[in-house]
Amino acid sequence: MRIAAILTCFNRREQTLASLARLQSLHLTHDATLSIFLTDDNSQDGTSQAVKDFVPGVCVLHGDGSLYWGGGMRRAFAEAMKGDFDFYLWVNDDTFLDNDALQRLLNTYLVVKAQEGEAIVAGSVYD
């Protein structure tokens, strides 16, 4: 299963790097792979270069500062959709997923799909 993680950011280098580190540490099951697509909406704090240095495989897209969250996510999602992934995971750059979050989402998807034939799975937890 191929999963694309979609993020956008603006001038939150450390927060974005921490979120990416957390994404990379997720336990993947079911032979899943994770690709990351990030729109940097013209950050002036060195976010793009820091991301490229920290996570070389991330697809970094650029905005002009006018995209905000919706436009940045739309741009990253459009680029990811070119890869025809099985799943698209939308994540805020201030979100830290539990290590087994993807495993739980995939397990839920597989159970519901087996029972219903189709499935859409979304999750959110707030502490």
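## Overall dimensions and fold

The model described here is predicted. A compact globule of 127 residues would have a radius of gyration near 14 Å, and the chain has 15 Å, which agrees. Along the principal axes, the C-alpha atoms occupy a box of roughly 50 × 30 × 25 Å.

The secondary structure consists of four helices and four strands. Followed along the sequence, these elements give the pattern β-α-β-α-β-α-β-α. Among contacts in the chain with a separation of 6 or more, 67% are between residues 24 or more positions apart.

Of the 127 residues, 36% count as buried. The accessible surface of the chain is about 7,500 Å², and carbon and sulfur atoms contribute 51% of that surface.

## Helix α3

Helix α3 covers residues 68–81.

Which residues of α3 are buried? They are Gly-71, Gly-72, Met-73, Ala-76 and Ala-80. The buried residues of this helix pack against four strands: β1 (2–9), β2 (33–40), β3 (59–62) and β4 (87–90).

Tyr-68 also belongs to helix α3. Tyr-68 is exposed, because its relative accessible area of 62% is over the 50% cut-off. Its backbone has a positive phi of about 55°, although Tyr-68 is not a glycine.

Ser-35 lies in strand β2. With 27% relative accessibility, Ser-35 counts as partly exposed. Leaving aside residues up to four places away in sequence, Ser-35 touches Ile-3, Ala-4, Ala-5 and Phe-85. Ser-35 and Met-73 are 38 residues apart in sequence, and their C-alpha atoms are 15 Å apart in space. Met-73 is one of the buried residues of α3.

The loop between β2 and α2 (47–54) contains Asn-42. Asn-42 has a positive phi of about 70° although it is not a glycine. At 36% relative accessibility, Asn-42 counts as partly exposed.

Gly-46 is placed in the loop between β2 and α2 as well. Its relative accessibility is 37%, and Gly-46 therefore counts as partly exposed.

Ser-66 sits in the loop between β3 and α3. A relative accessible area of 44% makes Ser-66 partly exposed.

Helix α4 spans residues 101–116 and includes Leu-106. Is Leu-106 buried or exposed? Leu-106 is buried, because its relative accessible area of 4% falls under the 20% cut-off.

Not counting residues up to four places away in sequence, Leu-106 touches Met-1, Ile-3, Thr-29, His-30, Ala-32 and Phe-87. Ile-3 is also among the residues that Ser-35 touches.

## Separations in sequence and in space

The table sets out pairs of residues by their separation along the chain and by the distance between their C-alpha atoms.

| Pair | Separation in sequence | C-alpha distance |
|---|---|---|
| Ser-35 and Met-73 | 38 residues | 15 Å |
| Gly-46 and Cys-59 | 13 residues | 16 Å |
| Ser-66 and Gln-49 | 17 residues | 20 Å |
| Leu-106 and Leu-28 | 78 residues | 9.3 Å |

The pair Leu-106 and Leu-28 is 78 residues apart along the chain, with 9.3 Å between the C-alpha atoms. For Ser-66 and Gln-49, a separation of 17 residues goes with a C-alpha distance of 20 Å.

Notes. Residues numbered from 1 in each chain as written. Predicted model: local features only at pLDDT ≥ 70, side-chain atom pairs only at ≥ 80, totals over all residues. Heavy atoms only, no water. Helix = DSSP H or I, 4+ residues; strand = E, 2+ residues; numbered from the N terminus. Expected span 1.5 Å × (residues − 1). Buried < 20%, exposed > 50% of the residue type's maximum accessible area, 1.4 Å probe, protein only. Contact = heavy atoms within 4.5 Å. Rg over C-alpha atoms; globule rule 2.2 N^0.38 Å. Areas by Shrake-Rupley, 256 points an atom, 1.4 Å probe, with all protein chains shown as cover.
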